[in-house]
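Good morning, and thank you for coming.

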Amino acid sequence: MSTTANVHKDWKFTILQVEARPRRLILEGNVSPPYERPYHDELYFYAVMGPTHLSLEVSRDFDGERLLDYLFEQLGASEEPPRTQVGGRQDEEEGALLLVEWRFPADGRPAMLRRLEEIVGQSLEK
């Protein structure tokens, strides 16, 4: 049984830009969680799929952390915990991002791409 229906019911991905380079697939977009957000701004994400990794940047806030929890359920935990990147002054967390990277063998890229397509709900390669 496919879990695709459950994936779309949980989190809705809107891909704003797909850039396919020879060794990289770059995605930018917004994500809507399966609950009402108290904010007017969109939850933005930036993802890069290379030959042996998928990296993701998302806001370091409640929704960004919940999105990572969801992706850990879908893709499995990453080898290293998410890192925090703080923009601007180091004593402020405004604009902070969570960065996470999933590693996979080079021959596992097609399977990871298919899984990512299931999660975002659309084909990603042109």
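Predicted model: local features only at pLDDT ≥ 70, side-chain atom pairs only at ≥ 80, totals over all residues.

Residues are numbered from 1 along each chain as its sequence is written, and side-chain values use heavy atoms, with hydrogens and water left out.

Let me begin with the strands. Helices (H or I, at least four residues) and strands (E, at least two) are DSSP runs, numbered from the N terminus. Two strands count as paired if DSSP finds at least two bridges between them. Strand β1, residues 12-20, pairs with strand β2, residues 25-32, in the antiparallel sense over eight bridges. The two form a hairpin, with four residues between β1 and β2. Within this pairing, Phe-13 has Val-31 in β2 as its bridge partner.

With β4 it pairs in the antiparallel sense over seven bridges, and Leu-56 stands opposite Val-100 in β6. Strand β5, residues 83-85, also runs antiparallel to β6, joined by three bridges. There, Gln-85 stands opposite Leu-97.

I turn now to charged side chains. Side chains of opposite charge can pair when their charged atoms come close. A salt bridge here is a side-chain nitrogen of Lys or Arg within 4 Å of a carboxyl oxygen of Asp or Glu, and the count comes to five salt bridges. I shall describe some of them, noting burial as well: buried means under 20% relative accessible area, exposed over 50%, and partly exposed in between, with a 1.4 Å probe and protein chains only.

In helix α2, residues 62-75, Arg-66 and Asp-69 lie three residues apart, about one turn of the helix. Their side chains meet in a salt bridge at 3.2 Å, N to O. Arg-66 is partly exposed at 28%, and Asp-69 is partly exposed at 35%.

Helix α3, residues 109-120, holds Glu-118 and Arg-115, again three residues apart and separated by about one helical turn. The closest N and O atoms of this salt bridge are 2.4 Å apart.

Another salt bridge joins Arg-103 to Glu-101, with the closest N and O atoms 2.7 Å apart. Arg-103 is partly exposed at 48%, and Glu-101 is partly exposed at 25%.

Rolling a probe the size of a water molecule over the atoms shows where empty space is left. A cavity is a set of points, on a 1 Å grid over the protein atoms alone, where a 1.4 Å probe fits but cannot get out; lining residues have an atom within 4 Å of a point. How many cavities of 30 Å³ or more are there? The count comes to one, and the largest cavity holds about 90 Å³ of space, a volume being the space filled by probe spheres set on the points, which are joined across faces, edges and corners. The elements giving two or more residues to its lining are β3 (43-49), β4 (53-59), α2 and α3.

Conventions:
1 Å grid on protein atoms, 1.4 Å probe; cavity = no way out; pocket = protein on both sides within 12 Å on 5 of 7 lines; lining within 4 Å.
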